[in-house]
Amino acid sequence: MQLSNRTLLANFTKELAFFQQMVNGENSARILLLEAPPGYGKTKLISKLIDITKEYNSSKSKVITIDLKTVIDVPYLFNDICEVIGVDFFPNFTTCITNLLNSQTANISDNKTLGSLNVQIIQTVLDENKFTQANKLIKLQESFLHDLGNLNQQLIFFLDTFETVGTDLGTWIDGVFLKAVVHKTNWLVVIAGQKVPSLDNIIWGNQAEKICLDLELINCETEWYKFSQSVGWPFSQDAIKMLIRVLKGKSPKLIRESLEVLAKDWEK
Ligand SMILES: Nc1ncnc2c1ncn2[C@@H]1O[C@H](COP(=O)(O)OP(=O)(O)O)[C@@H](O)[C@H]1O
Ligand SMILES: [Mg+2]
């Protein structure tokens with residue numbers, strides 16, 4: 001697999017190369033954690049990793065992209081993943097949902113449909129007392145992971161905005177999900193956020209790599225010159241050098257926006 005030549009982002013060479021090795025099994029990492037402050041390009045980088053996977057690995061790998069800021073709690077994550085992959089691949093999970101539904105007083109006719117219906121049952125589960133809730137969650141989790149494990153394909157999970165998760169969801173990802181990932185040889189996960197799960201974990205810590213996006217590297221003048229050329233901005237190499245120096249210490253988001261505004265003026 002060769003890296004895409006499309007220069008959608010300034011730099012990230014190191015991160016792209018590491019991910020490529022991960023997918024090819026050329027390093028032992030199964031979990032990639034990308035940490036950086038807002039505007040450093042985490043979401044953009046994830047989009048690029050997804051593009052690369054789809055371009056070079058689409059037959060081999062299934063991409064599951066989740067923006068965690070839209071996920072309220074653990075069962076909702078099951079639901080989202082189910083919808084991405086296809087409900088038909090989750091027979092045990094569907095049965096578990098059906099059984100839970102049947103044990104509720106709510107009169108819901110088509111209990112095979114996921115989506116809004118599932119959210120309804122999930123909400124009922126979450127409304128219960130802690131003990132019943134935990135029991136039901138464990139059953140949902142077992143059936144969900146069982147079905148997911150039966151998929152005969154490499155699964156690559158991209159979880160963005162980890163800093164937004166609540167305690168329960170954060171603990172589940174850290175404690176249950178990442179543990180499952182290291183046990184399933186054909187699963188890989190990339191987690192990005194202003195904060196990410198701590199590497200200090202006896203179960204999966206040694207199979208994870210944490211990369212803190214480095215402002216110095218991202219804001220390298222030659223990289224921004226290449227980027228500027230690729231998007232057709234009129235700056236010379238010297239002009240970029242000067243502008244990047246003036247914008248030193250600013251986030252890539254701010255640099256890009258500033259260059260964009262300047263590029264428009266430059267042409268006048
Ligand atoms: N390395 C980069 N090269 C070019 N533009 C970038 C880069 N990093 C960030 N940007 C710009 O900053 C914006 C915000 O990036 P984003 O990926 O949303 O950051 P984060 O997810 O870290 O908050 C992007 O839409 C893009 O325009
Ligand atoms: Mg983001």
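## Strand pairing

Two strands are said to pair if DSSP finds at least two bridges between them. In this predicted model, strand 3 and strand 4 (residues 187-193) are joined by five bridges and run parallel. Within this pairing, F157 has V189 in strand 4 as its bridge partner.

Strand 3 is also joined to strand 2 (residues 61-67), here by seven bridges, and these two strands likewise run parallel. On that side, F158 of strand 3 stands opposite T65. Five of the seven residues of strand 3 are buried, so the strand is largely enclosed by the rest of the structure.

The loop between strand 3 (154-160) and helix 7 (167-183) contains T164. A residue counts as buried if 20 or more other C-beta atoms lie within 10 Å of its own, and as exposed if 12 or fewer do. T164 has 16 other C-beta atoms within 10 Å and is therefore partly exposed.

Apart from its neighbours within four places in sequence, T164 is in contact with L68 and K69. G193 lies 29 residues away from T164 along the chain, and the C-alpha atoms of the two residues are separated by 8.3 Å.

## The surroundings of the ligand

Ligand 1 is surrounded by 17 residues, of which G41, K42, T43, P252 and K253 are the closest. Helix 2 (42-57) and helix 11 (252-267) are the elements that give two or more residues to this shell. By class, the shell comprises nine nonpolar, four polar and four charged residues.

## The chain as a whole

The protein chain has 11 helices and five strands. Of its 268 residues, 32% are buried. Among contacts with a separation of 6 or more, 72% are between residues 24 or more positions apart.

## Confidence in the model

The mean pLDDT of the protein chain is 86, and 85% of the residues reach 70 or more. Over residues 1-8, however, the pLDDT is below 50, and this stretch has 15 contacts in the model beyond near neighbours in sequence. Residues 106-113 also stay under 50, with nine contacts beyond four places in sequence. Where pLDDT is low, the predicted coordinates should not be read in detail.

Note on methods: Residues are numbered from 1 along each chain as its sequence is written. Chains are lettered from A and ligands numbered from 1 in the order in which they are written. This is a predicted model: local features need pLDDT of at least 70, side-chain atom pairs count only at pLDDT 80 or more; totals for chains, interfaces and linings use all residues. A residue is near a molecule or strand if its C-beta atom, placed from the backbone, lies within 6 Å of it. Helices (H or I, at least four residues) and strands (E, at least two) are DSSP runs, numbered from the N terminus. Ala, Val, Leu, Ile, Met, Phe, Trp, Tyr, Cys and Pro count as nonpolar, Asp, Glu, Lys and Arg as charged, and the others, Gly among them, as polar. Two residues are in contact if their C-beta atoms, placed from the backbone, lie within 7 Å. pLDDT is the predictor's confidence in each residue, from 0 to 100.
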